[in-house]
Amino acid sequence: MRHLLMTTALICAATLPRAEDAALVVGVPDYQTLRTLRGVGDVVDAGRTLRDLGFVLHGTAAAPDLQSEANRFAETAAGAERLVVVLAGRFVTDGARTWLMPADARTPAPFSVADGAISVETALQTLAAAPGAAILVLGRDGRDDGDLGAGLRSGIGALDIPSGVTVIEGPVDAAATLLRRVIAVPGGDVIAGLDDIDDLTGAGFLPASLVLVAADTQPATATPPVVAPPVVVPPVAVADADSTAWTEARAADTEAAYTRYLDRFPQGAQADGAVTRLRELRDPNRAVSGIEQALNLSLEARRAVQRNLQVLGYDTRGVDGIWGSGTRDAIRRWQAANGVAQNGYVDASQIALIGQQTATRSAQLAAEQEAQRATQLQADRAYWAEMSDLGTAAGLQAYLDRYPDGENADRAREALDRSARVARRNAEEADRALWDRVQEANDGSAYRDYLAQQPDGRFRADAEERLRRLEQDAEVDDATAAAVARENALGLDPIAMRLVEARLAQIGLDPGTIDGRITRDTRRAISRYQRDNGLTDTGYLDQSVVSRMLTDAFR
């Protein structure tokens, strides 16, 4: 016969003026649909000894009464000094909660797994009433059926053990041995037994020694158990109890309260709500996310935070007001740098601090840009003085090569033009004719031929300079091609280019007509912006230039 073995010993309140000790010993050896366990009967037999040692022993002989007896134990435990709970049988867990399944349990499902089962979490909360003198022993099936589907698996999940509670776990036979030889024996040291008996593991409160039953305790004469008659609860009473339990759970609003509700009413009217609230309570960021949510930030306010984080160097992967993983990661990195909890959520004080830091950083960037512009201008003037003092075309061209848009670029070009005209006018006819042909060819071979034919020609310096520039341009062409490719990769349309030109005009860099067309003036304005901001001067747009413009635009 498939049945449930449990120790039953209900002692009426009239014969027990004060409950000093309480025990709940449950062993389920034989299941209707799950695998049968061996050795559970030894657990039950050993548990009866506790009754003779002064414990109020709770249990039942019928599966439907399993939770009722557990609830009676919880009532007794409220005034007890020493508490023992021994659960042996098949356990099922969803990772957060664990249940001992009753004898008539069928294949577990998420919302019915607690039907008739005992919650290990509720047992732990009950044991917390006697810190330092409370033991939970879990005798489990040594064979693991693994994943049962729907988020459930066989076995015992992670346990949140209250302070002062000792938890011992092991196979059924090892649990029975511990109960029989140590816990239910006067002077038995639970910690020593844990070390001596193979396959047992301990967690929670593990002092050097733990004795629940004093060595001089004398077993009492066994009192015949009083079996409570079955109670038939009308449906209306069940509904009222469900409603009352839910009201109590909502008032307490704790994990333990909602777990107790689900234990009593696994298919109750508010079961879904209890499960949802448990998930919220177990979310480590629930409090901080709620604080951020309560700020009710607008889309623009969220964009402002993203822009500020970008200015501070924390990439949010977009300034769109949508706080996805990129923004949360940026917030966490900012929090780490500022010594606050790294949860990825912000409160009002953190938003204010980010804003203050951004204002400081923006001022620093502006000062750095101004200082860089002043340094560039000073270097421009110094180089012009050096090159113009040489009084040669090579010196003027060297200046233009370094500062094509410099303060004296126009003067250098005018001087070069005058020099070229004078040179052509004063050159001998042959030299001039040859030079004109070389200029017309304007390639390296022609300039080399001129230098070979006219080693002392009037245009020798110009020929050498033009040859050097051609060779230099060959190198520059590669860099320019790469810059062109980066600009093309941006895929900027005329509308986007007008925005770029408008921004350049706004900061006084004179890009020419704002018409979405890239002209020589536009290139010069881009070059100035790159130099002013410490970027590589190419005259072409790339992602770093556009991003910097975006950041500047929103300061």
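This is a predicted model: local features need pLDDT of at least 70, side-chain atom pairs count only at pLDDT 80 or more; totals for chains, interfaces and linings use all residues.
1. Helix H16. This helix covers residues 444–453, and Gly 444, Ala 446, Tyr 447, Tyr 450 and Leu 451 are buried in it. Viewed down the axis of H16, the buried residues fall within an arc of 165°, so they line one face of the helix. Ala 452 and Gln 453 are on the other side of H16, and both are exposed. As background, an α-helix has 3.6 residues a turn, so residues three or four places apart point the same way.

2. Salt bridges, overall count. The model has 18 salt bridges. In general, side chains of opposite charge can pair when their charged atoms come close.

3. Asp 21 and Arg 82. The side chains of Asp 21 and Arg 82 form a salt bridge, with an N to O distance of 2.5 Å. Asp 21 belongs to strand E2 (residues 21–27) and Arg 82 to strand E4 (residues 82–89), so the bridge ties together parts that are 61 residues apart in sequence. Asp 21 has a relative accessible area of 3% and is therefore buried, the cut-off being under 20%.

4. Arg 97 and Asp 94. A salt bridge also joins the side chains of Arg 97 and Asp 94, here at 3.8 Å from N to O.

5. Glu 368 and Arg 361. The side chains of Glu 368 and Arg 361 meet in a salt bridge of 3.4 Å, N to O. Glu 368 counts as partly exposed at 42% relative accessibility, and Arg 361 counts as partly exposed at 26%.

6. With a relative accessible area of 57%, Asp 199 is exposed.

7. Most residues other than glycine have a negative phi. Asn 296 is not a glycine, yet its phi is positive, at about 55°. Where does Asn 296 lie? It is in the loop between helix H9 (286–294) and helix H10 (299–311), and at 66% relative accessibility Asn 296 counts as exposed. Asp 510, likewise not a glycine, has a positive phi of about 50°. The loop that holds Asp 510 runs between helix H18 (494–506) and helix H19 (520–532). Asp 510 counts as exposed, its relative accessibility being 55%.

8. Leu 490 and Gln 543. Leu 490 is part of helix H17 (residues 460–490). At 24% relative accessibility, Leu 490 counts as partly exposed. The C-alpha atoms of Leu 490 and Gln 543 are separated by 7.3 Å, although the two residues are 53 residues apart along the chain.

Key. Residues are numbered from 1 along each chain as its sequence is written. Side-chain values use heavy atoms; hydrogens and water are left out. Buried means under 20% relative accessible area, exposed over 50%, partly exposed in between (1.4 Å probe, protein chains only). Helices (H or I, at least four residues) and strands (E, at least two) are DSSP runs, numbered from the N terminus. The arc is that of the directions from the helix axis to the C-beta atoms. A salt bridge is a side-chain nitrogen of Lys or Arg within 4 Å of a carboxyl oxygen of Asp or Glu.
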